[in-house]
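Hi there,

Here is the structure I promised to pass on. My notes on it follow below.

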Amino acid sequence: MTASTLPTGTITFYFSDIEGSTRLLEALGDRYPDVLERHRAIVRGAFARHGAVEVSTQGDSFFAVFAQAPLAVEAAVAIQRDLAAASWPEGAPVRIRLGLHTGEPHVSADDYVGLDVHRAARVMAAGHGGQIVASEATCALARPALAEGIRLRDLGEHRLKDLSAPERLFGVTADGLATAFPPLRTLDRTPNNLPTQPSVLVGRTAELQTIRRHLEARAVRLVTLTGPGGIGKTRLALQAAADEVDHVEHGAFFVDFSSVQDAEGVLREIARATGVAVPAGRDLRPALAEHLAPLELLVVLDNFEQVMDAADVVAELLRTCPRLRLIVTSREALRVRGEQLLPVAPLSLPDPAFGTLTATGVTTYEAVRLFVERAAEANPEFVLTDENAFVVAEICARLDGLPLAIELAAARLRLFSVEELRDRLRSRLDVLRGGARDLPERQRTLRGTIEWSHDLLDEEERSVFALLSIFPSATIDAVEAVAADLAWLADVDVIEPLESLVAKSLVRSVAGGSGQRLSMLETIRDYATERLDADAARAASLRQAHALHYAALASSRLADLRSEGRSAALDQLAAELGNLTTAWRHFVGRVDLAHLNLLLDALWPLHEARGWYQGALALINDLLDVMTKSPPDAARAEEEITLRLSVARGLLAISGYTGEVERLYGEAIALVDAAGALPRRLPVLRSQASFHLYRGELDRTLGIGHQLMRLAEQEDDPGLRLEAHVILGPSLAFAGQAREGLMHLDRAIELFDPEQYRSVPFRLGPNPGVAAASISALLHFVFGDPRTAERRAATALEFAARLGHPYSLAYGTFHVALLDLWQGRFDRARARADEVVAVASAHQYEIWSAIGHVLGGVATAALGDAPAGLAEARRGVAMYREIPTPPVFWPQLLGLRATAEALAGRLEDAITTLVEALTIAPEDAWDASILRAQRADLLASMGETDEAERQLLAAFEQAAAVGARFVQLLAATGLTRLSPAASAHGRDLLVPLVASYDADVDTRALAAARAAISGGTAHVR
């Protein structure tokens, strides 16, 4: 195959390989070659029938292209059908992963280059054996001409493991093909913060295999990638983490130390990245080790040469966290025990000294492949040929195979031919070799490469280059505004220099949500920052101007955050988070409390609305630290009370009841007692009520609720009245006063308007409207009003959706999913449990992640896969046990686990679990009666009918005492399955109970009760 015979234009790529080929080879031995050949014959037969061009074949993998997307889809379906229909030795099926993607690649030598090729390979890698996965681009072209019987199933957006932007993927299904597959193997399956990359990794196959081999060898838990700056350590580490993410239970995280200077900063950045919130004054070391110890994590520590004195931190974490694995990038080894060094070499290079080189020959080298891909991006007309192969090889050799140097040089093909570029490199050799003499040789080369680009700039371009170094990313308007406040840029129109910097690849212009944004590669930004810092006065003025600009921006959006413009304001603040954080750090360094408070007024609603609780707590801790360095006054004391309460509520919401939470409440209460004023008492009372409710201390919660209601009436404060109703409602209901509790919750829902509700400053946890509707839904169902329960459930989801508040969404979705479970809507419960887990994983809500898995496990067991469901439910309970959890949730979770155990046939285990739950649940609570009825049902199944009858009668009477008609139905229906006498008594109890419901009301429990009355049998768990 040559470049002239490869199809060009818009084409569809086909990638496939055999899933589990190594295991198949081991199982079949010398029969494997015959299997492989038959597989190839099937694939090539379909290629021939559908006009494919086979580009390459390696082992069990195929790379081919189609001129038309519908033909590619039809060929894929034919291949999967033929493979499924074939007979294989010992019944060992040959299943292939198959991916399709459409694009317009560049042709170089006898191969395709460009992002589309890599995307196609990653689309294939996301699938499973027997599955066909296609990109949105392919499906858009194929859909109008799909053959009969072929269907496209939208699998949603996924981040592929090339770390680039998300791709919407589709499953291609057809008659005769399997349709059920596990979730796609993408970055979305496991919690991670691996950053999106502008391009795919070229080469490094051997290094990736070595890293994978080290990580799979459990004896190796620290892999350090060493080498000079710009050699590609970070990109290699990120790709290795992305490739490994499927094998890490609790997540893969990236921590950048480029702006960190000490061990405390190392601990802080690891804590932030992995979601550990540590209040001010707490020693980070034990807190971090305690949080990470039970977790299986893969963490990338980047730019460690900045903090080499913190190597002991790494050693300690590895010692105290047995399931933690680290990939470290550094210019030197950490020199700690167990460290596995992997020196990162330059990209492989051809040797121009060998004379004649061909295009085909030089593309076997990584440096040339990288140059060709980047050159094609810079100048689409560039093509690697036999005529210019030698020149390209010479350029790559002169750049020592350094990835950043190659990328910068290739970008110059916008201006120069490859011959001109080579000549300029030759004349600038001394510049390329510049830099401090005590730096490693290749670091001097990298510095020279960037310096060469910088020296090509005129004075205005250099000034704007320095200006851009302060922005993590920026809009053009922001750059102009900051420049206007700088005397040294007073006479510069920044637009033209910016355009030139983008053209020269020193600055990137990337499409954002509201237009183009400018940014630099981090290495280039480091260089620009270094140049800026050489002029202290200029650097100080720029950082102050930048910080003031973003403080003003934050201030300008405060009114919108309290109006109909809230959504747009939050979106803008989110887009500018990097700059707002840079400004925040600047003001922290200057102990500028006034500007910090101004920024916090905007940053807090953003973090609270997006559910970024870890970041929110970090802001508070920063502010508390600054406050300790500032002169005290009355207003500051009030703010400190609120902030300490916020930290306590945040930790409670994220991690449950802990000793740290209790300590923080104590500190806040002491401050309040010293201050004494009513406005300072209100947030304390709200927080105390939630705290006591979580602990099941209902008397204390009710006392505070009534106090808040008196204050609300006294002050005629609607917001406080709403809070009081939300506190009193569940407290009364859980205390056995169901009707009174429901009245308070219904009144709270009437008062709540999501369009007008404004976040209470520094509040964390579920929105009061969502909480009221969610709890009301469950209580109305339990107390015999399923119609209102359904309306309240819909209201809870509506409120959460309109608010766009992740924590409230997790809270509301869980409660509605529990209602689905009670109603026997197991598919819906499973889907909602998945939603809870997804939100929890994205925001590190440990409690909701655990609870979501328990509920999802029960739904899966009820749907027929009892072993998998029980395993998930038990895993969720185990996760919950690892969290210092408030006791109020335990009985319900244990009851759910017992349900999964019963569905899996583990009746004795289920009874043991229910006994544990009953010892925790308050004796007179309605949920205790559910547990008792559940236990009695299991006892009856095991033949212990006398004890089952006693338990069911007790559950019925207990439920009747509080009006829990749902539980009465369960208990009385259970009696009808026992002895004749018990059965008759159960029917006698059911007749008036069923009659108390409207005739057209139908629930799962009612259906079972009606069947029991008529003499049938029905089971409800």
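**Sheet, strands and a helix pair**

Helix α2 (residues 32-50) lies across β1, β2, β3 (61-66) and β4, and runs at about 5° to β3. Here contact means heavy atoms within 4.5 Å, and angles run from 0 to 180 degrees between the N-to-C directions of axes fitted to C-alpha atoms, for helices over the stretch in contact. Helices (H or I, at least four residues) and strands (E, at least two) are DSSP runs, numbered from the N terminus.

This is a predicted model, where local features need pLDDT of at least 70 and side-chain atom pairs count only at pLDDT 80 or more, while totals for chains, interfaces and linings use all residues. Residues are numbered from 1 along each chain as its sequence is written, and side-chain values use heavy atoms, with hydrogens and water left out.

The seven strands form an open sheet in the order β2-β3-β1-β4-β7-β9-β8, with mixed pairing (two strands pair if DSSP finds at least two bridges between them). β2 (53-58) and β8 (150-158) are at the edges with a single partner strand each, so one side of each has no neighbour in the sheet. Eight bridges pair β1 (residues 11-18) with β4 (residues 96-103) in the antiparallel sense; I11 has G103 as its bridge partner in β4.

Elsewhere, strand β11 (residues 252-256) is largely enclosed by the rest of the structure, because four of its five residues are buried (under 20% relative accessible area, with exposed over 50% and partly exposed in between, 1.4 Å probe, protein chains only). β11 runs parallel to β12 (residues 297-302), joined by five bridges.

Enjoy exploring!
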